[in-house]
Amino acid sequence: MIVDAHTHIGVERLFNLVMTSEELMATMERFHISKAVVQPQAGAPDIKQNHREIFELAQANPGKIYGLASFNPVTDEEEYRKNAEWAVNELKFRGLKLHTNGFSISPQNPFSRKVFEMGRKLKVPVMIHTGAGVPQALPSLVIPVAREFSDVPIVLAHAGGGMFAGEAIIAAQLCDNIYLETSWVYAADVAAMISAIGADRVMFGSDIFQNIPSHLAIYENLGLSDRDYEKVIGLTAASLFDLK
Ligand SMILES: [Zn+2]
């Protein structure tokens, strides 16, 4: 079972991208991806509408599509709380995203705290963008908050994004609740991640549709045991995000 732990639909004005639900479903079919965790775009023209679109796609494709909420935390406490509760309790989204690059905010910024607090309250993982967008996106900035919120699973999206893969590995070695999602990561670094922290905390993700074939090929050619391959390609994400 292949699970894409990180993809999107919607109009992304920040990175000049459009990702449609039709394209998502077609690429999943083409590459035999059973389930996908789908996020809104940080630069969506209407972020709540983007969440609704994902919800509708999930309703139309039960057991295949799962949402992950993404709201800018630079807002008042009450507004963020309401949005996070709406997404998790009503739309049944499986986690909260902190887009350090899209919202230009460090995980250490006091505004970011509410994301971790809501992850704890709603009992869902928090995914944090890492890699492109330094300094806010440095993996090491997550270490203090991962220690403080040691009961909240934290996924480093892009696991340092190539340039900072080594730092992402160190963060995960220091904090048992840190997981690594490997879109945009080089093959040798994916291998290093699995050998450093094990297949139970590393997961395939694509971020954009064009990455799917090359990223799947990386995992197929690492020489993993069948058990570890099954985990990193799908089981780890399915278990973390509770994709039943
Ligand atoms: Zn993304």
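I began with Pro135, which is found in the loop between β8 and α5. Helices (H or I, at least four residues) and strands (E, at least two) are DSSP runs numbered from the N terminus. The peptide bond from Val134 to Pro135 is cis, and its omega is near 15 degrees.

**Basis of the entries.** I am reading a predicted model, in which local features need pLDDT of at least 70, side-chain atom pairs count only at pLDDT 80 or more, and totals for chains, interfaces and linings use all residues. Residues are numbered from 1 along each chain as its sequence is written.

**Helices α3 and α4.** I looked up how helix α3 (residues 77–90) packs on helix α4 (residues 113–122), and found an angle of about 40 degrees with the axes 10 Å apart. The arrangement therefore makes α3 oblique to α4. Axes are lines fitted to C-alpha atoms, for helices over the stretch in contact, and angles run from 0 to 180 degrees between N-to-C directions. Angles under 35 degrees count as roughly parallel, over 145 as roughly antiparallel, 65 to 115 as roughly perpendicular and the rest as oblique.

I noted that α3 passes α4 in a right-handed crossing. A crossing is right-handed if the near helix is turned clockwise from the far one by less than a right angle, and left-handed if anticlockwise. On the α3 side the contact is made by Glu77, Tyr80, Arg81, Ala84, Glu85 and Val88, and on the α4 side by Lys114, Met118 and Leu122. Two residues are in contact if their C-beta atoms, placed from the backbone, lie within 7 Å. I sorted the residues of this contact into five nonpolar, no polar and four charged. Here Ala, Val, Leu, Ile, Met, Phe, Trp, Tyr, Cys and Pro count as nonpolar, Asp, Glu, Lys and Arg as charged, and the others, Gly among them, as polar.

**Burial in α4.** I listed the buried residues of α4 as Lys114, Val115, Phe116, Met118 and Gly119. A residue is buried if 20 or more other C-beta atoms lie within 10 Å of its own, exposed if 12 or fewer, and partly exposed in between. The buried residues of α4 pack against α3, β7 (96–98), β8 (126–129) and α5 (143–148). After α4 comes Lys123, whose phi is positive, near 60 degrees.

**Val126.** I located Val126 in strand β8. Val126 is buried, with 27 other C-beta atoms within 10 Å. Leaving aside neighbours within four places in sequence, Val126 is in contact with Gly95, Leu96, Leu98, Val115, Phe116, Gly119, Val152 and Ile154. The C-alpha atoms of Val126 and Gly95 are separated by 5.7 Å, although the two are 31 residues apart along the chain.

**The largest nonpolar core.** I found 69 residues in this core, of which Val38, Val126, Val142, Ile154, Leu156 and Ala168 touch the most other members. Helix α6 (residues 165–174) gives the most to this core, with five residues. A nonpolar core is a set of buried Ala, Val, Leu, Ile, Met, Phe, Trp, Tyr and Cys residues joined through C-beta atoms within 7 Å.

**Val74.** I placed Val74 in the loop between β6 (69–70) and α3. With 13 C-beta neighbours inside 10 Å, Val74 counts as partly exposed. Beyond four places in sequence, Val74 is in contact with Phe103, Ile105 and Phe111.

**Trp184.** I recorded a positive phi near 70 degrees for Trp184, a residue other than glycine. Trp184 lies in the loop between β10 (178–181) and α7 (187–197).
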